[in-house]
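Hi,

Here is the structure I promised to pass on. Have a look at it first, and then read my notes below.

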Amino acid sequence: MLVSGAGVAGLTCAYWLHEAGHTPVVVERAAAGPLGGYGIDLSGSGYDVAGRMGILDRLAARQLRVDSVALVDGADRITARLDRPLAEKMLRGPYLGLMHSTLEEVLAGAVEDRVEIRHRQRIAALRQNDDDVLVTFADGTRQRFDVVVGADGVHSDTRELVFGPEPRWARQLGFSMACYPVPDVAGRTDVRAHFTEPGRQTVLYPTDTVGTSVALFLYRSQRHGRIPRAERVARLRAAYQGAGWYTPELLAQAPDEPFMDDLTQIELPRWHRGRVVLIGDACGALTLGSAQGASVAMAGGYLLATALAAHPGAHTDAFAAYEARVRPFVAERQRRARSFTRGLVPATRAGRGIQRVFTRLVLRDAAVPLLRFGFGDVSSILPGPSHHSKERQR
Ligand SMILES: Cc1cc2nc3c(=O)[nH]c(=O)nc-3n(C[C@H](O)[C@H](O)[C@H](O)COP(=O)(O)OP(=O)(O)OC[C@H]3O[C@@H](n4cnc5c(N)ncnc54)[C@H](O)[C@@H]3O)c2cc1C
């Protein structure tokens with residue numbers, strides 16, 4: 001079996017395929033080694049799959065230095081705060097704040113010496129027949145596989161090869177984001193701080209490494225498509241002209257080519273064709289507005305591998321079982337992510353005023369059911385006992 005993409009979904013899937021007795025090969029476009037990136041909250045099904053893989057201790061040891069999430073005003077005063085105990089109630093269980101790259105690194109450690117990962121390699125062409133898939137790689141080599149798993153992210157090349165160009169399946173949310181590492185800012189080393197102005201937000205939080213924080217920018221934008229690397233900093237500065245708080249000083253530290261992308265959800269009528277199947281962002285990107293993409297990517301990788309184990313020699317049945325389990329959840333989370341993102345970055349001054357009042361009212365125990373509607377209960381896509389089902393019994 002071939003897995004394209006050594007990200008969260010691909011590595012999780014490869015781990016569980018190996019556990020089931022397969023010999024998966026993973027190809028990854030990027031070179032091996034540490035990446036920069038952004039922070040994620042791992043909760044629900046992702047947390048539970050990590051538990052089943054025995055990697056929770058390794059992840060817990062490398063959490064972000066973030067105790068709470070705060071909304072701040074232009075004078076850096078905290079106007080609302082979400083502390084960890086309330087966040088855990090809202091998510092119906094424990095969560096880990098991690099660098100995305102740390103999660104990938106720990107997952108890569110879990111498959112090390114078990115799964116072959118070919119870095120700086122990608123699929124150039126695929127030809128399927130009834131018996132197998134003939135894959136031509138970018139270096140010209142060819143190999144046959146019984147199944148190909150596309151786990152190559154929101155801009156998946158595997159999807160493009162099998163289902164056609166991305167614009168057909170992409171729903172643009174009307175936002176762009178950028179992020180990059182910056183030195184810690186004094187007084188802001190244990191909080192994820194969000195500063196909102198009409199149509200744009202600046203976020204600052206410490207990473208798992210003392211001395212390094214992440215500056216993240218989320219803004220409304222109607223320009224879609226790949227953003228040329230050379231244009232990224234100019235576009236970001238144009239979007240944040242006249243911005244307050246620490247924004248000017250964070251923008252002054254932008255690297256030449258920051259990570260920058262549109263918020264794009266992927267909506268495909270089917271997640272598999274023939275012997276090729278998609279997992280993670282490749283088939284169901286949720287965007288950062290759900291804070292669950294990595295969790296769903298891990299659940300998808302796990303559930304695909306277990307479905308293949310449950311349907312030996314019947315890949316079509318396995319793909320269908322996997323999709324039936326995950327798709328309804330993804331569709332619902334995509335819908336909620338769209339409305340959450342609009343509320344997170346209101347377009348107008350009046351909208352921002354409402355957000356301030358609403359946030360103060362909602363960030364308290366009494367509003368937990370409402371908060372859960374947006375974020376909680378993710379583990380329901382996993383069969384069997386979970387931290388979350390235990391949580392509910394209390
Ligand atoms: C700023 C930000 C904040 C987020 N916050 C959260 C959060 O709080 N909680 C959460 O759960 N999720 C969060 N997410 C979403 C989460 O990161 C993604 O949903 C998740 O990483 C998807 O995993 P994936 O494995 O499908 O894709 P990716 O993580 O994108 O991995 C894809 C892999 O495929 C490789 N690849 C790409 N093309 C090819 C190719 N042609 N051939 C071979 N390899 C290829 C890439 O190099 C990469 O290694 C956030 C995302 C962003 C951008």
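Let's start with a helix: which residues of helix α7 (residues 232-239) are buried? They are Arg 232, Val 233, Arg 235 and Leu 236. These four sit on the same side of α7, because they cover an arc of only 160° around the axis. Turn to the other side of α7 and you'll find Ala 234 and Ala 238, which are exposed. As for what lies over the buried residues of α7, the cover includes β12 (170-183), β15 (212-220), α8 (247-252) and β16 (259-266). Before you read too much into any of this, keep in mind that the model is predicted.

Just after α4 comes Gly 93, with a positive phi of about 155°.

Now for the ligand. How many residues surround the ligand? There are 33, and the closest are Glu 28, Asp 41, Asp 157, Asp 281 and Ala 294. By class, this shell has 14 nonpolar, 11 polar and eight charged residues.

- Asp 281 has a polar side-chain atom 2.8 Å from an oxygen atom of the ligand.
- Gly 293 places a backbone N or O atom 3.1 Å from an oxygen atom of the ligand.
- Arg 29 has a polar backbone atom 3.1 Å from a nitrogen atom of the ligand.

On its own, the ligand has 990 Å² of accessible area, and the protein covers 89% of that. Two or more residues of the shell come from each of α1 (8-19), β2 (25-28), β3 (39-42), α5 (100-111) and α10 (293-310). The largest share, four residues, is from α10.

Two single residues next. Arg 223 is in the loop between β15 and α7. Leu 103 is 120 residues from Arg 223 along the chain, and their C-alpha atoms are separated by 31 Å.

Ala 170 belongs to strand β12. Apart from neighbours within four places in sequence, Ala 170 is in contact with Thr 264, Gln 265 and Ile 266. From Ala 170 to Val 154 it is 16 residues in sequence and 9.0 Å in space, C-alpha to C-alpha.

Last, some backbone angles. Most residues other than glycine have a negative phi. Asp 113, in the loop between α5 and β7 (116-119), has a positive phi near 70°. Asp 113 counts as exposed because its relative accessibility is 79%. Arg 120, in the loop between β7 and β8 (123-128), also has a positive phi, near 50°. With 67% relative accessibility, Arg 120 counts as exposed too.

Cheers

Definitions and conventions:
Residues are numbered from 1 along each chain as its sequence is written. This is a predicted model: local features need pLDDT of at least 70, side-chain atom pairs count only at pLDDT 80 or more; totals for chains, interfaces and linings use all residues. Side-chain values use heavy atoms; hydrogens and water are left out. A residue is near a molecule or strand if one of its heavy atoms lies within 4 Å of it. A polar contact is a pair of N or O atoms within 3.5 Å; within protein, one must be able to donate a hydrogen and the other to accept it, and residues adjacent in sequence count only if both atoms are side-chain atoms. Accessible areas come from the Shrake-Rupley method with a 1.4 Å probe; for residues, only the protein chains shown count as cover. Ala, Val, Leu, Ile, Met, Phe, Trp, Tyr, Cys and Pro count as nonpolar, Asp, Glu, Lys and Arg as charged, and the others, Gly among them, as polar. Buried means under 20% relative accessible area, exposed over 50%, partly exposed in between (1.4 Å probe, protein chains only). The arc is that of the directions from the helix axis to the C-beta atoms. Contact means heavy atoms within 4.5 Å.
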